[in-house]
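Please look over the sequence and the structure, then read the points below by topic.

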Amino acid sequence: MPLNPNSSFTPLIVAFCCNWCSYAGADLAGTSRLNYPAQIKIIKVPCSCRIDPMFVLRAFQKGADGVILCGCHPGDCHYSTGNYYARRRITLFFSMLEYLGIEKERTHLEWVSAAEGNKFASTMRKFTEQIHALGKNERLEDIR
Amino acid sequence: MQKIGVFVCHCGTNIAGTVNIDEVVENAKHEPGVKYVAEYPYMCSEAGQSMVQKAIDEHDLSGIVISACSPRMHETTFRRAAARTKLNPFMLEMANIREQCSWVHKDKEEATNKAHALTRAAIAKVHHNTPLFPGESPVTKRALVIGGGIAGVSCALDIAEAGFVVDIVESTPSIGGKMAQLDKTFPTLDCSACILTPKMVDAQFHENINIHTYSEIESVEGFVGDFTITIRKKARSVDMKKCTGCGACYDKCPIKKIPGEFDEGLGMRTAIYTPFAQAIPNVPVIDREHCLKFKTGKCGLCETVCAPDAIDFEQEDELITEKYGAVIIATGITPISLDKFGEYAYTSPDVITSLEFERMTNAAGPTKGELIRISDKKKPKSITFIQCVGSRDVAVRSKTYCSKICCMYTAKHAMLVKDKYPDIEVNVFYIDVRTPGKNFDEFYRRAVEEYGVNYIKGQVGKVVDNGDSLWIQAVDMLDNKQIKTKTDLIVLATAIEPVKSVRNIAGMLSASIDTNNFMTEAHPKLKPVESPTAGVFLAGACQGPKDIPETVAGAGATAAKVIGLLAKDKLITNPCIADLDPYYCNGCSACEKVCPYGAISYEDTEINDHGKKAIRRIAVINKALCQGCGACVVTCPSGAMDLLGFSNRQITAEVDAICR
Amino acid sequence: MHIQNDYADQIRLISGSQDLKCMKCGRCSASCPQYEEMDVRPHQFVSYLQRGDIDALMDCESIWKCLSCFACVERCPRDVKPARLIEAARLLRIRRQSDDEFITPEQVPALLELDPDIPQQLLASVFRKYVK
């Protein structure tokens with residue numbers, strides 16, 4: 001249920017970034033002092049193809065309100081083809097999540113290069129706004 | 001239970017200005033497993049590092065977390081510091097509270113909370129860290145160059161000069177490649193053979209270079225630093241050691257009408273032949289398909305005239321197996337087949353490709369450099385050049401890419417014709433004239449301005465051979481006029497493509513290849529001469545259309561990379577690689593298919609499954625080849641695969657800690 | 001340039017022609033046997049479509065001069081299909097005229113009465129040709 005965006009809700013967002021492009025892009029956003037919401041918490045993986053769908057499920061289960069995955073642009077993967085595997089796998093996985101009732105706006109896959117600090121910050125701002133509008137995620141949360 | 005130390009850096013005010021360090025320190029103290037927490041204004045300084053080292057020893061820490069800048073900045077620094085103690089350097093994690101926290105958030109409370117969460121995640125990860133040890137693999141100080149064209153020869157010379165042994169494998173009877181066939185080179189118009197043959201001779205006599213001509217790669221095993229490669233030396237039917245290269249054999253050979261490959265079929269060769277006068281090695285080959293002795297058993301004239309008794313009809317293919325540290329693919333290009341381009345009437349003897357034109361203008365060529373129509377041996381009054389034949393074309397018969405060299409060699413051809421025969425009318429039909437390069441556009445403009453070559457923006461739609469002349473229908477786009485005219489000789493700037501055999505070679509080396517059969521680079525910008533497979537390097541036009549200067553420059557770059565590899569005695573391998581649990585592996589091959597490096601193979605292995613011994617087909621990871629991307633880990637359906645340094649447990653622990 | 005309007009889109013839809021792929025090499029015009037007869041030349045067709053100047057294209061003589069020999073379609077290196085494009089323009093022109101000058105389906109029974117021997121196939125094709 002989307003809550004009132006004006007409420008005191010602070011979303012919890014997990015971002016998975018590949019080491020070679022997106023994590024470096026996030027660092028560039030830092031060195032360029034480009035602000036984005038503090039709710040974004042980044043986890044480093046070697047390649048976007050290392051992002052196991054289980055990690056995303058785990059995040060939602062543990063109370064994350066949104067999960068964003070970032071990788072190198074197609075054709076620029078450090079491991080040549082990793083982001084293609086990620087793209088195919090994650091696209092299918094996101095549609096499955098939607099089927100499970102996790103709105104598709106809660107998940108996002110974005111290509112961010114090491115030179116796109118600006119894009120990283122703006123993507124994170126936009127994504128946080130999106131999650132804010134959706135409100136708290138309670139669908140998969142572990143309530144044991 | 002781990003004993004974890006947490007070190008929080010102020011980075012002057014870079015972190016401390018936005019993040020409440022005291023609070024982060026206080027919170028860290030209450031995290032499970034944390035035995036020691038410290039803060040310091042500059043953790044990366046000499047004093048900061050020794051503080052970390054001292055704490056590791058004094059408090060007997062089993063893992064440490066540095067909450068500071070990005071790991072891309074100082075992870076190596078702190079790993080080195082840890083390595084100076086008894087701690088394994090991979091028992092260290094960094095929490096990025098500068099680039100990804102204090103620098104991007106303004107609100108102190110929010111930033112402090114995030115710094116705490118990131119530190120928490122790093123602590124949670126360290127709990128699951130295991131000591132990792134970089135592997136070592138040996139390096140065989142010998143390189144193999146596949147292809148003996150200008151790319152292969154200059155790359156081999158550069159490597160040999162650095163003191164390493166290089167073997168060149170060339171499929172034709174002589175090294176030299178396509179450049180040996182050319183007459184002049186643009187934009188300087190120096191003679192191709194004059195600049196190439198000295199290099200070929202250098203390669204022949206270099207003490208570190210072995211040349212295997214008329215040879216092919218039979219099989220490849222092994223990996224970077226340690227390839228075992230078998231070369232098939234095809235039976236030459238001539239003893240290389242005895243032959244003096246006198247040429248008596250091919251003078252006497254009765255079979256004289258075989259279209260010569262080197263002359264692009266314009267000139268004839270004998271059944272025993274050397275492709276061209278400056279061939280290296282200058283040892284003939286018997287073409288067994290055409291030789292009378294092999295076809296009928298009667299003849300053997302060459303054997304009779306050979307004074308050193310070098311002819312050996314009994315000779316068989318020879319297999320040579322050698323170990324190499326690095327392999328260079330330099331297989332080059334060839335013009336595409338024009339069988340399906342009926343509209344250009346290529347079947348007519350007076351419609352030729354640009355490479356055939358090169359042979360024709362070459363003084364050593366089939367016409368002794370005289371420009372004639374093949375059909376009636378007369379000098380043409382007008383020549384028409386057609387560009388982009390089979391290039392930039394999406395049809396199946398063609399290539400979608402620009403062949404890059406055609407604009408320049410067409411300008412060269414047109415200029416050479418005009419220079420030698422000013423009375424010949426020269427027309428060039430073009431789509432665009434592309435001349436980026438040093439002195440390239442000036443060269444093309446010279447053809448137009450000084451030599452009066454007529455460039456027409458447009459294409460030729462149809463060519464008909466009338467016997468005494470060629471009729472063409474074309475268009476001048478800028479005049480908006482259709483042109484119907486006669487010409488005597490047509491030269492087609494034919495698209496170039498990689499040689500067919502490269503697919504097989506790339507397959508054996510598990511180097512990747514694109515849809516056009518060009519070799520793929522490890523990175524298009526930053527690793528332009530390496531293939532994605534470690535130890536396999538690329539040189540020349542097998543990577544994409546290239547002209548001679550570009551090829552030689554690239555081959556030099558390739559040589560530098562190869563020398564860098566061969567100069568090492570041992571390769572230190574990244575320990576963060578895939579790790580297999582053999583008990584879970586069911587040998588499904590899913591991981592093998594996704595591995596971009598061909599690092600996974602399968603072996604029948606004896607597994608002791610709860611006392612039951614069974615032979616199972618399970619995956620085996622080649623530690624020297626694996627780069628640690630993790631594609632196999634996520635693909636594995638049975639959960640047998642994991643990635644050291646980024647294991648499922650480590651990342652899950654991070655997720656849990658962040659979401660707490 | 002890639003102007004979109006209803007007519008331009010209809011031409012793209014009917015012909016399957018991808019005008020943006022054209023690199024103005026002129027191989028279509030070089031191949032055309034009717035070139036001299038045409039006021040708008042094959043290589044220009046695609047420019048009209050790119051500009052969205054469909055009225056001019058439908059009013060030109062060339063759409064009636066094209067032999068539909070498809071030499072240009074065969075030779076085009078970018079798969080732009082100039083002849084298909086001109087066929088589409090011709091079709092649109094005919095459809096536009098059908099409103100006032102050509103027969104409507106309602107007129108078919110009257111035509112049958114006029115001449116009972118009129119071939120069924122002719123009527124069927126006339127009926128098909130002049131409607132959308």
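A residue counts as buried if 20 or more other C-beta atoms lie within 10 Å of its own, and as exposed if 12 or fewer do. With that cut-off, Ala8(C), Ile11(C) and Ser15(C) are the buried residues to look for in helix H1 (residues 6–15) of chain C. The model is a predicted one.

**Helix H1 of chain C**

- Seen down the axis of H1(C), the buried residues fall within an arc of 60 degrees, so they line one face of the helix.
- The face of H1(C) turned away from this buried side carries Asp6(C) and Leu13(C), which are exposed.

**Chain C as a whole**

- Chain C has nine helices and zero strands.
- Read from the N terminus, the order of elements in chain C is α-α-α-α-α-α-α-α-α.
- Of the 132 residues in chain C, 33% are buried.
- Among contacts in chain C with a separation of 6 or more, 69% are between residues 24 or more positions apart.

**How the chains meet**

- Two pairs of chains touch, and the pair with the most contacts is chains A and B.
- In that pair, 34 residues of chain A are in contact with 36 residues of chain B.
- On the side of chain A that touches chain B, the elements giving two or more residues are helix H1 (22–31), strand E2 (40–45), helix H2 (53–61) and helix H3 (82–99) of chain A.
- H1(A) provides the largest share of that side, with six residues.
- Sorted by class, the side of chain A that touches chain B consists of 19 nonpolar, seven polar and eight charged residues.
- Chain A and chain C are joined by no contact, and their closest C-alpha atoms are 23 Å apart.

**Nonpolar cores**

- The largest nonpolar core contains 239 residues, and Ile64(B), Ala143(B), Ala156(B), Val327(B), Ile328(B) and Ile329(B) have the most contacts inside it.
- Beyond its neighbours within four places in sequence, Ile328(B) is in contact with Ala143(B), Leu144(B), Val145(B), Ile146(B), Cys155(B), Phe537(B), Ala539(B), Thr558(B) and Val562(B).
- Another core, of 24 residues, lies apart from the largest one and includes Cys22(C), Cys72(C), Cys76(C) and Leu85(C).

Terms used: Residues are numbered from 1 along each chain as its sequence is written. Chains are lettered from A and ligands numbered from 1 in the order in which they are written. This is a predicted model: local features need pLDDT of at least 70, side-chain atom pairs count only at pLDDT 80 or more; totals for chains, interfaces and linings use all residues. Two residues are in contact if their C-beta atoms, placed from the backbone, lie within 7 Å. Helices (H or I, at least four residues) and strands (E, at least two) are DSSP runs, numbered from the N terminus. Ala, Val, Leu, Ile, Met, Phe, Trp, Tyr, Cys and Pro count as nonpolar, Asp, Glu, Lys and Arg as charged, and the others, Gly among them, as polar. The arc is that of the directions from the helix axis to the C-beta atoms. A nonpolar core is a set of buried Ala, Val, Leu, Ile, Met, Phe, Trp, Tyr and Cys residues joined through C-beta atoms within 7 Å.
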